[in-house]
Every structure is written in structure tokens, then in C-alpha cells.
Amino acid sequence: MQDFKRCGEKSEEADILKSNHESKEFHSKRMTLYAAVLLVVSLIPLLWLGRYNVMCIDDYDYGRQVHDTWLATNSFRESVLTAWRQTMEFYQNWQGTYVSCFLMAMCPMNFQYEMAWIVPVMMIGMFAVSTFVLGRHILVKWLDADGMTASFVILILLFMFYQVLEAPFEGIYWYNGSTHYILMQSVWFFTLAAVSGAFWTKSRKKEIVYSVLAAVLAVIVGGGNLVTGLQAEILMVFLLLYAMVQNHSKILTVCLPLVAGSAGFLCNTMAPGNLVRSTLDPSTGYSAVLSVLLSFYHAVVFMIRWTPAFVILIWLALLPVLWKMMKASGKSFAHPVWVTAGVYCVIAAMFTPTLYAVGMVGLARVDNIIQMVYYLGLFMVTAYWLGYFSHRKTEGNAADAFGSFLEKAGNGMTLVCLFMTLAVWVLTADKNTYTSISAARSLVNGDAQTFYAEAMERHEIYVDTDIVDVVVKPYSVRPALFRFDDLSTDGENWLNLAVMQYYHKAYVILEE
């Protein structure tokens, strides 16, 4: 009878535990769904504004030969061949970024001018998906977090990033600039996720597939911008060192993409065009050593700049979530100082190429990708430190008190901080502070529609073969997010010349 009673009590306890687990799982799914809805809603104005996007700046210079080929042959194959020949010419005479140059030559607007709407779809789609895949993978595989909760964290991070993006036009709407940096960084995120997948999988077949895929993607990354390329080299060396210390059987798995990526990066940096360009361009940078040292300083400056109240509120909202995930993790979190130092070095290294090449930082299209790496690093390092404190007996000290506070605050703290974030997002006086609100404002007040109508009026003049002397009117309005250089009243301005050559006009000037 007593045995029967004990069996009943155990069964009741198991049911309670099962019920609690199902309740937590349901709550986690619901919160993740809300986060996904929030992200999608915030992206709708940005994508909608893309409906009024246009070709601009370097799109003309890099796309001219392909555009001419398309008009002459109406053949996509011939256009691709032209893009490849131009890339080889650039490799010999201007720059070594062979993948970026090819993709920039294949600008969608070369084939149909009205196709500019596809640019934000491509850039947001690639960057958001790659960030989600990599960020969730790090939390789940490297930090042993729950998959659903990890998804919630990365979705909120993406929402935050797109609201405070350093240069929205360069990172979302400008084809040339976003292809060179945002798209290449996206490919690198996928590459890193593939390498890490090969590292963690127990299936030999999957390991080979992941490693080969990573090697192919690494060659693409090596042919992109030097900021992403240098970042890739550093992180791949870190992964190789980790494999040498922790798991010798994975050394070859990591070596394949490392060697492939390094070969691509070497082809990029050793291109004859880089030397030609350096002799033509009067801009001079710092020495290699000084560039590295200055990178550590500028990393701190920009990290402070990229941590406004909006970001702090999101960080506070996710603290209880990260604490719970890391406390339940099976990892040891033994090296928080080394992890923090490693992340900081990677962020700092992303400032080095521009310091070395042109002696400056703050190039908007470059800052976008550094900003995302910083945010990913911020949340991952925070998670690691919380894991470190939650797995150590620290009764009576500040860390223990902080952990107890986070456990008691829990979901309440997360909800309060998220509601405060939404209030700041919507109610901020300057409606151009956050990208989605700014985009919505430009759509509602008609700036986007007016700008696009005037841009199409210009285009009609450009494609009119009877008009060779082109004088266009300035834009009366522009959406706040469309911050790009316009034509000049000086016909010898480089942008005027680019448009003139693209459409084969005698001259193109802006009406005074």
C-alpha cells in the first residue's frame, strides 16, 4: 500500500514538472512570436519606402558597361560576360575586390530602372537572416541556450539594430554600397555559421558538407571588402586555435575554409589594381602599427556612440532572459575575460583597414557592419558573463544579489523595459531618430512619392535619345533616409560625369 502511495506521489510530481515545462515552452513560443511580429512590423515601412528607391552615386560608374551591353544585345549571358571582363579590368587597374566588383556591375537597375525596390528586399533579407542564423547558432551551440528563447533574443536584437542603424541609406537602399559591405558581411555570417556547424556536428557526412560549403563561401568573402575579409581571417584563426586545444579531430574541418578564404583574401589584397589606385589616390593612411593602435581607441569611441538609451533599454530587457538561459546551460563559462578580450579585438580590427588605407574612420557604409558585430558581441559577451556568475557559488556578494534580482524581476522586468523601448520608439519628438518611424513619416507626408515622381521625370529625360544636353531640376523633397549626393551645377562634377556617360549625353547639369 505504501509503495503504491509513493508511486502515486512520484507520478503526481512528474505531471507537475511536465506541466511546468509545457507552460514555460508555451510562454517562450508566444514571446518569440510577439518578437517576430514586432520585427516584421518595424521592417514594413523600410521595405515600403524601397518602392520609391532609385539608382544613384557609384551605381552608374560600375554599371555602365553592363547597361550598354544589355541595351545592345538584350542578353543576360552577354551582360554577365561584360561584368566579368570589367571585373578583370578593375582587378588590374583599380581594386582587387573581385566578387564585390562583379556584383556591383550586375546592378538590377541596369536591366530595368524601376527595379530599385528589390535592393532593400535583398539587403534586409540577407543581413537579417544571416544575423539570425549566426546569432541563434552561437547561443544554442556555443552557450547551450534553449533554441526558442535564443530566437527571441536575436529577433529583438534585429529590431533594435534596424532602428538605430548608423547609415540606413548606405545599408539598405544604395545598391553599390550595401552590396560591397552589407551583402559581403551577410555571406561571412553564413560562412561562420557553416564552419561552426561543421565543428559541432557529430555526423561525418554533415561535417564534410558544412566544411565544403564554408570553403566556397569563404572564397566569396575573400573577394569582398577588406573590413569583412580581415575580420574573417582573425575569427578563422581563433577557431583553428580552439580546435587545436579542444578537439584535434576538427582541425582539418576548420583548415579547409581557412585556407580557401585566405587564398581569396590574398588574391584580393595582392591585386595589381590596388597599387595603381594607391598611386592615383592622394589619400594616405597611417602606418600598420599605428593603425592597429588607433583601432582600439576608435572601437571604444564608437561603442559608446552606438549605445544610446534605446539600446540600453533593450539590453536591460534581455538581461533576465539571458540569465535564465545561461543558468540552465551545461557549459562551464570558464574564460569570460578571454572571450571579452577576443570580441573587443575583432571589433577593433574592423576599424584598421580604413585607418591604414585612408587615415580615417566613420565611413558610413563601413560603420553599418561594425555596428552589428558590436551588438552581437555585446549580447554574447553579456550572456557569457551571466553564465559565469550563475555557475559559481558566490553567496553574499554583489553578483549573487544581482542574479537573485534578475530571477525575481524575470518576465516583469523584460516586459516593462520593452514597453519603455516602444514608448521611446514611437513618441520621440524627432520622427527621423528611428528608421522605421522616419520611413513611415516620409510615406505618410508624401515626400517619398514626390521624390520618386521627380526622379522618374529625370529618367525620362535621360532615356530620351533626342535630348543630349541635359539640365534637370533639383529635388523639391527627399525622404529623410535617402541621404545621398545629388548632381551638381558643375558639369565636371564626378557624379554628373557618371550619369552623362551612363546615358551617353553631351553633358548633365543641375539647374541652379
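Guide: Once residues up to four places away in sequence are set aside, Asn247 touches Phe199 and Tyr242 (heavy atoms within 4.5 Å). Keep in mind that the model is predicted: local features need pLDDT of at least 70 and side-chain atom pairs pLDDT 80 or more, while totals for chains, interfaces and linings use all residues. Numbering starts from 1 along each chain as its sequence is written, and side-chain values use heavy atoms, without hydrogens or water.

Asn247 sits in the loop between helix H10 (226-246) and helix H11 (251-269). Helices (H or I, at least four residues) and strands (E, at least two) are DSSP runs numbered from the N terminus. Asn247 counts as partly exposed because its relative accessible area is 26%, the class between buried (under 20%) and exposed (over 50%), with a 1.4 Å probe and protein chains only. Go from Asn247 to Ser211 and you cover 36 residues in sequence and 16 Å in space, C-alpha to C-alpha.

Ser211 also gives us a reference point for Tyr475: these two are 264 residues apart along the chain, with 50 Å between their C-alpha atoms. Tyr475 belongs to the loop between S1 and helix H21 (494-503). At 16% relative accessibility, Tyr475 is buried. Ignoring neighbours within four places in sequence, the contacts of Tyr475 are Phe451, Glu454, Ala455, Arg458 and Asp486.

S1 covers residues 469-472, with Val470 and Val472 on its covered face and Asp469 and Val471 on the uncovered one. S1 runs parallel to strand S2 (residues 507-510), and four bridges join them; pairing takes at least two DSSP bridges. Within that pairing, Val470 stands opposite Val508 in S2.

His504 is not a glycine, yet its phi is positive, near 60 degrees. His504 is exposed, since its relative accessibility is 52%.

Phe333 isn't a glycine either, and has a positive phi of about 50 degrees. Its loop is the one between H14 and helix H15 (336-349). With 2% relative accessibility, though, Phe333 counts as buried. Moving on into H15, you find Ala341, partly exposed at 33% relative accessibility. Ala341 is 233 residues from Pro108 in sequence, and their C-alpha atoms are 41 Å apart.

Now turn to H14 itself. Helix H14 (residues 309-327) packs against helix H18 (residues 398-427) at an angle of about 145 degrees, their axes lying 8 Å apart. Axes are lines fitted to C-alpha atoms over the stretch in contact, with angles from 0 to 180 degrees between N-to-C directions. The H14 and H18 crossing is left-handed: the near helix is turned anticlockwise from the far one by less than a right angle. The residues of this contact come out as 17 nonpolar, five polar and three charged. Here Ala, Val, Leu, Ile, Met, Phe, Trp, Tyr, Cys and Pro are nonpolar, Asp, Glu, Lys and Arg charged, and the others, Gly among them, polar.

On to the cysteines. Searching the whole structure turns up zero disulfides, taken as cysteine sulfur pairs within 2.5 Å. Cys267 is in no disulfide, and its nearest cysteine sulfur, that of Cys101, is 14 Å away. Cys267 is partly exposed, with a relative accessible area of 41%. Cys417, by contrast, is buried at 9% relative accessibility.

One last stop: Ser151, which lies in helix H6 (residues 147-163). At 8% relative accessibility, Ser151 is buried. Beyond residues up to four places away in sequence, Ser151 touches Thr32, Phe132 and Arg136.
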